[in-house]
Amino acid sequence: MEKELLKELNESFKNKNLQEAFDALIELKLGKMAFSTSFGQEDQVLTDFIFRSDYPITIFTLDTGRLFEETYEVYHRTVNKYDKLIEPYFPDAKKVEALLAKKGPNSFYSSVENRKECCGIRKIDPLQKALRGVDLWITGLRGGQSHFRENFDLFQYDTSFGLIKFNPLVYWSLEEVTAYLEQYNVPQNSLHKKNYPSIGCAPCTRPVEQGEDIRSGRWWWENSKKECGLHQQD
Ligand code: SF4
């Protein structure tokens with residue numbers, strides 16, 4: 001059933017531009033829709049588009065408590081520019097306290113298990129809370145962001161959260177993203193100009209070299225697929 005629905009959705013949306021895709025999405029009345037932003041370039045395109053079009057879509061963000069100062073800056077500039085709400089979700093304070101009491105503030109550097117434990121507390125648990133009651137999850141995922149993401153589709157079933165996910169920018173190029181941001185004068189994270197194409201938590205993100213994979217600056221000390229577990233699908 002899910003597979004049939006996804007196939008139909010992907011087929012009928014494949015040639016739509018952003019405006020047509022969102023208009024059609026609203027028509028479908030799929031229930032409560034929420035867009036998750038971490039204020040990266042693709043996310044800023046969608047935030048601008050959703051806010052300017054006044055679509056009935058909730059925008060939320062996960063504040064892990066370890067973000068860059070520059071990320072709070074673009075967060076601040078964004079809510080001021082559009083005068084709209086972005087719902088913040090924080091990790092459970094008791095879980096963070098217990099983790100730090102047991103393993104210290106930077107346990108993520110010592111093993112993949114420890115890193116996943118931190119991502120679980122600071123990202124996955126809050127995401128679970130944010131997605132409670134949501135019927136469709138909208139993301140700024142783009143196929144060109146990494147090898148892992150290059151086979152993503154417009155609509156996908158997310159196995160971790162049991163939700164259909166809509167990735168409207170999945171086929172966009174980076175050039176299209178930056179052209180959009182310039183055209184609409186959208187606030188951007190100043191770290192992008194310092195060779196941070198993908199920005200997560202401050203201690204787990206570093207700049208990339210010319211020609212390196214966009215997500216190679218994330219958890220650079222690991223030989224992993226550079227995903228924190230937020231996006232799992234069939
Ligand atoms: S990215 Fe790093 S600091 Fe952020 S939640 Fe994951 S392990 Fe923790």
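**Figure 1. Residues around the ligand.** The shell around the ligand comprises seven nonpolar, two polar and four charged residues. Here, Ala, Val, Leu, Ile, Met, Phe, Trp, Tyr, Cys and Pro count as nonpolar, Asp, Glu, Lys and Arg as charged, and the others, Gly among them, as polar. Of the 13 residues around the ligand, Cys118, Cys119, Arg122, Cys201 and Cys204 come nearest. The model is predicted: local features need pLDDT of at least 70 and side-chain atom pairs count only at pLDDT 80 or more, whereas totals for chains, interfaces and linings use all residues. Residue numbers start from 1 along each chain as its sequence is written.

**Figure 2. The largest nonpolar core.** A nonpolar core is a set of buried Ala, Val, Leu, Ile, Met, Phe, Trp, Tyr and Cys residues joined through C-beta atoms within 7 Å. The largest such core has 30 residues, and Ala34, Phe35, Val45, Leu46, Ile50, Leu131 and Ile138 have the most contacts inside it. Helix 3 supplies the largest share of this core, five residues. Apart from this core lies another, of eight residues, including Cys118, Cys201, Cys204 and Trp219.

Figure 3. Tyrosine 75 belongs to helix 4 (residues 69-82); helices are DSSP runs (H or I, at least four residues), numbered from the N terminus. Tyrosine 75 is buried because 20 other C-beta atoms lie within 10 Å, and the cut-off for buried is 20 or more, with C-beta atoms placed from the backbone (exposed: 12 or fewer; partly exposed: in between). Not counting residues up to four places away in sequence, Tyr75 touches Phe39 and Thr61; contact requires C-beta atoms, placed from the backbone, within 7 Å.

Notes
A residue is near a molecule or strand if its C-beta atom, placed from the backbone, lies within 6 Å of it. Helices (H or I, at least four residues) and strands (E, at least two) are DSSP runs, numbered from the N terminus. Two residues are in contact if their C-beta atoms, placed from the backbone, lie within 7 Å.
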